[in-house]
Amino acid sequence: MKARWPSHAGAVDAAALGQFEQLKELVRGVRNARTEYGLEQARKVAAVLVVSDPELRSVMQQELPVICLLAKLEPSKVSVASSAAEASAAAPAGGSVSVVVSEGLQLLLPLAGLFDVAKELARLSKQKVKVRLAGAQRQRVRSVLQYGVFSESMDAGSTTAQLQPCFFF
């Protein structure tokens, strides 16, 4: 049996494709913010979507269950607003993280309950120690390059060393 290869003869709905791209960008923005703030993968968060275009706002409202599923948002704590003023009224107190997805589409993630303060402070203090150690190591490398070799009596935790000039001929 012979048949023609299927062709793309139908009309393409450019508006629907554009709305779908906006939806993809919104989900990507939420996922990036979740990763940047180190949220647990299973944790569902609240959000406020600011959509200035009425048609896109209607589409986002209709697709809210899909957005919540893909972006791991808490459906009961997600709202869609038409302006930043309306969004700030809908957002809980304590500030929020703003993610501009595209022109006319913005995402607000409330900071309250977004991350555990104690865990974040512990993570930042570990990062501070790593930065200090990296700085000390760079200083050691500069000293070796400038003076030659380290003395054997150098302590591992010390940031200064007893260096002796070494000349190579």
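This is a predicted model: local features need pLDDT of at least 70, side-chain atom pairs count only at pLDDT 80 or more; totals for chains, interfaces and linings use all residues.
**Stop 1: the whole chain**

Colour by secondary structure. The chain has five helices and six strands. Read from the N terminus, the elements run α-β-α-α-β-α-β-β-α-β-β. Of the 169 residues, 26% count as buried. Now think about contacts between residues at least 6 apart in sequence: 57% of these join residues at least 24 apart.

**Stop 2**

Strands of a sheet pair through backbone hydrogen bonds, either parallel or antiparallel. β1 and β4 pair in the antiparallel sense, over four bridges. Select Val 51 to see one of the places where they meet: its bridge partner in β4 is Leu 105.

**Stop 3**

Ser 96 stands opposite Pro 110 in β4. Val 99 stands opposite Leu 107 in β4. Val 100 has Gln 106 in β4 as its bridge partner.

Now move to the turn. The hairpin of β3 and β4 has two residues between the strands. Select Gly 104, which takes a positive phi near 85 degrees in this hairpin.

Then show the surface over β4. Is this strand mostly covered or mostly open? It is mostly covered: five of the six residues of β4 are buried.

**Stop 2: Gly 95**

Select Gly 95, in the loop between α4 (84–90) and β3. At 38% relative accessibility, Gly 95 counts as partly exposed, because that class lies between the 20% and 50% cut-offs. What does Gly 95 contact, leaving aside its neighbours within four places in sequence? Its contacts are Pro 110 and Leu 111. Try the distance tool from Gly 95 to Ala 112: the C-alpha atoms are separated by 7.4 Å, although the residues are 17 apart along the chain.

**Stop 3: two helices**

Two packed helices are described by the angle between their axes and the distance between the axes. Show side chains where they meet. Met 60, Gln 61 and Gln 62 in α2 meet Leu 64, Pro 65 and Ile 67 in α3. By class, this contact has four nonpolar, two polar and no charged residues.

**Stop 4: Lys 72**

Step into the loop between α3 and β2 to find Lys 72. Check its backbone angles. Most residues other than glycine have a negative phi, and most peptide bonds are trans. Phi of Lys 72 is near 55 degrees, a positive value in a residue other than glycine. Lys 72 is partly exposed, with a relative accessible area of 33%.

**Stop 5: Gln 19**

Select helix α1, residues 14–36, and find Gln 19 in it. Is Gln 19 buried or exposed? Its relative accessibility is 17%, which is under 20%, so it counts as buried. Leaving aside neighbours within four places in sequence, Gln 19 is in contact with Glu 55, Leu 56 and Val 59.

**Stop 6: the largest pocket**

Finish with the largest pocket, which holds about 190 Å³ of space. Of the 10 residues that line it, select the closest to its centre: Tyr 37, Gly 38, Lys 119, Glu 120 and Arg 123. Which helix gives the most to this lining? Helix α5 (residues 117–147) does, with three residues. Colour the lining by class and you will find three nonpolar, one polar and six charged residues.

Note on methods: Residues are numbered from 1 along each chain as its sequence is written. Side-chain values use heavy atoms; hydrogens and water are left out. Two strands pair if DSSP finds at least two bridges between them. On a 1 Å grid over the protein atoms alone, a cavity is a set of points where a 1.4 Å probe fits but cannot get out, and a pocket is an open set with protein on both sides within 12 Å along at least five of seven lines; lining residues have an atom within 4 Å of a point. Grid points are joined across faces, edges and corners, and a volume is the space filled by probe spheres set on the points. Ala, Val, Leu, Ile, Met, Phe, Trp, Tyr, Cys and Pro count as nonpolar, Asp, Glu, Lys and Arg as charged, and the others, Gly among them, as polar. Buried means under 20% relative accessible area, exposed over 50%, partly exposed in between (1.4 Å probe, protein chains only). Contact means heavy atoms within 4.5 Å.
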